[in-house]
Amino acid sequence: MTGSRILMTLTLLAAMAAVTACGRKGGLDTPYEAAVQARKDAERAKQPVPPEPAKPVEDKKFILDPLI
């Protein structure tokens, strides 16, 4: 039983290490920023350009925002 616990522990540690290495380092992009970047990339690659994204509206304050 000790051997199976050691194997299970090593498997879980390996899975956790694999999951923590996923993704990219840096801030998250908003949908607007991602659409603008996609347009720039398409223009540079001389591909069909996606439609111009609409600018986001001003964020309204909500009564529960201070709790977040």
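Predicted model: local features only at pLDDT ≥ 70, side-chain atom pairs only at ≥ 80, totals over all residues.
User: Why is leucine 12 called partly exposed?

Analyst: Its relative accessibility is 49%. Buried means under 20% and exposed means over 50%, so leucine 12, at 49%, counts as partly exposed.

User: How far apart are leucine 12 and valine 57 in sequence and in space?

Analyst: They are 45 residues apart in sequence, and their C-alpha atoms are 44 Å apart in space.

User: Let's look at the whole chain. How many helices and strands are there?

Analyst: The protein has 2 helices and 0 strands.

User: What makes the protein more spread out than a compact globule?

Analyst: Compare two values. The radius of gyration is 22 Å, while the globule rule gives 11 Å for 68 residues. The value for this protein is well over the rule, so the protein is more spread out than a compact globule. The C-alpha atoms fill a box of roughly 60 × 45 × 15 Å along the principal axes.

User: How much of the protein counts as buried?

Analyst: Of its 68 residues, 4% count as buried. The accessible surface comes to about 6,800 Å², and carbon and sulfur atoms hold 65% of that.

User: How do you know that helix H2 has close to the expected span?

Analyst: Helix H2 runs over residues 31-44, which makes 14 residues. From its first C-alpha to its last it reaches 20 Å, close to the 20 Å expected at 1.5 Å a residue.

User: Why is the contact between arginine 44 and aspartate 41 called a salt bridge?

Analyst: The N to O distance between these side chains is 3.4 Å. A salt bridge needs a side-chain nitrogen of Lys or Arg within 4 Å of a carboxyl oxygen of Asp or Glu, so this pair qualifies. The two residues are 3 apart in helix H2, so about one helical turn separates them. Arginine 44 is exposed, with a relative accessible area of 61%, whereas aspartate 41 is partly exposed, with 36%.

User: What makes arginine 39 and glutamate 52 a salt bridge?

Analyst: Their closest N and O atoms are 3.8 Å apart, and the cut-off is within 4 Å, so the pair counts. It links distant parts of the chain: arginine 39 is in helix H2, glutamate 52 is in the segment after H2, and they are 13 residues apart. By this rule the count comes to 2 salt bridges.

User: Are arginine 39 and glutamate 52 buried or exposed?

Analyst: Arginine 39 has 18% relative accessibility, and buried means under 20%, so arginine 39 counts as buried. Glutamate 52 has a relative accessible area of 61%, over the 50% cut-off, so glutamate 52 is exposed.

User: Why is aspartate 59 called exposed?

Analyst: Its relative accessible area is 66%, over the 50% cut-off, so aspartate 59 is exposed. Aspartate 59 is also in the segment after H2.

Notes: Residues numbered from 1 in each chain as written. Heavy atoms only, no water. Helix = DSSP H or I, 4+ residues; strand = E, 2+ residues; numbered from the N terminus. Rg over C-alpha atoms; globule rule 2.2 N^0.38 Å. Buried < 20%, exposed > 50% of the residue type's maximum accessible area, 1.4 Å probe, protein only. Areas by Shrake-Rupley, 256 points an atom, 1.4 Å probe, with all protein chains shown as cover. Expected span 1.5 Å × (residues − 1).
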